Amino acid sequence: MNHPIVSAIETRQTINLFDPDRGISDEQIHDLVRLATMAPSSFNLQNWRFIAARTPEAKARLRKVGWDQPKITDAAVTFIVCGQLADHERTPERLAPAVESGIMPENVAAGWQGAAKSLYFEQPQRARDEAVRSATFGAGALIFAAHAMGLGSAPMIGFEPEGVAREFELAADEIPVMLLSVGFATPENWPQKPRRPLTQVLQLV
Ligand SMILES: Cc1cc2nc3c(=O)[nH]c(=O)nc-3n(C[C@H](O)[C@H](O)[C@H](O)COP(=O)(O)O)c2cc1C
């Protein structure tokens, strides 16, 4: 398959070493997050938020609660990718643009709210699972948007969630799902590592 998306999937690697002297503009950060929000989410809830730590002070503050990982400060920007607990009461507001633009009939939007209520209302585990799923899809899209812009990326779970929530004043319904450093890779980075064979991960039924 000779397609730029396939080539991006096959060549992206997780970056461990970033050039600390090369930053990116806030405009590029806007582009990255705009593209990240094109990711799909359940009921189009878009239950995510991206905090871009890009000043030396913000990155240093994040590194303190991020297992002291040098990537956090070396990268041009480290995103705190937050998921928000899925809440059916948000669906009217989140679906309004699709209704107003004629993509979605109003009664379908109302139906989606009912379905979202039956899934998430008083179901904290499902609401949390959805927060993690949405944020992960958003981070995935951001990783490939970065790749398209010639930037490397590093997803990280090595951080203290309570410390991140405290330092960056996350709301009560927000979960710091992962940190995602983005910036210019140095030449020493490892290439993408080999993956498990399909025989172990694919089941055809
Ligand atoms: C959810 C998640 C959390 C990760 N956390 C860390 C981390 O805290 N620190 C780190 O150095 N790498 C972290 N990694 C990087 C993984 O080790 C890396 O993606 C994996 O080895 C595959 O590398 P490759 O994509 O270059 O082949 C994380 C990756 C993911 C997807």
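This report describes the ligand site, the nonpolar cores and several individual residues of the structure above.

The model is predicted, so that local features are reported only where pLDDT is at least 70 and side-chain atom pairs only at pLDDT 80 or more, while totals for chains, interfaces and linings use all residues. Residues are numbered from 1 along each chain as its sequence is written, and side-chain values use heavy atoms, with hydrogens and water left out.

**Ligand site**

| Protein atom | Ligand atom | Distance |
|---|---|---|
| T14, backbone N or O | oxygen | 2.7 Å |
| P155, backbone N or O | nitrogen | 3.2 Å |
| I157, polar backbone atom | nitrogen | 2.9 Å |

Taken alone, the ligand exposes 630 Å², of which the protein buries 63%; accessible areas come from the Shrake-Rupley method with a 1.4 Å probe, and for residues only the protein chains shown count as cover.

**Nonpolar cores**

In soluble globular proteins, nonpolar side chains tend to be buried together. A nonpolar core is here a set of buried Ala, Val, Leu, Ile, Met, Phe, Trp, Tyr and Cys residues joined through side-chain atoms within 4.5 Å, with buried meaning under 20% relative accessible area, exposed over 50%, and partly exposed in between (1.4 Å probe, protein chains only). The largest such core has 26 residues, and those with the most contacts inside it are L32, F79, L142 and V182. At least two residues of this core come from each of α2 (26-36), β1 (48-53), β2 (77-84), α7 (124-148) and β4 (174-183), the helices (H or I, at least four residues) and strands (E, at least two) being DSSP runs numbered from the N terminus. Helix α7 gives the most to this core, with 7 residues. Not counting residues up to four places away in sequence, L142 touches L32, V33, A36, F50, F79, L180 and V182, where contact means heavy atoms within 4.5 Å. Apart from this core lies another, of 14 residues, among them A53, L62, M156 and L179.

**Individual residues**

E174 is placed in strand β4 and is buried, with a relative accessible area of 9%.

T186, found in the loop between β4 and α9 (198-201), is buried, with a relative accessible area of 18%. Its side chain makes a polar contact of 2.6 Å with the side chain of E188, and, leaving aside neighbours within four places in sequence, T186 is in contact with L17, F18 and D19.

F43 has a positive phi of about 55 degrees although it is not a glycine, and N44 has a positive phi of about 55 degrees although it is not a glycine either. F43 is found in the loop between α2 and β1, and N44 lies in the loop between α2 and β1. F43 is buried, with a relative accessible area of 16%, whereas N44 is partly exposed at 31%.

Methods. A polar contact is a pair of N or O atoms within 3.5 Å; within protein, one must be able to donate a hydrogen and the other to accept it, and residues adjacent in sequence count only if both atoms are side-chain atoms.
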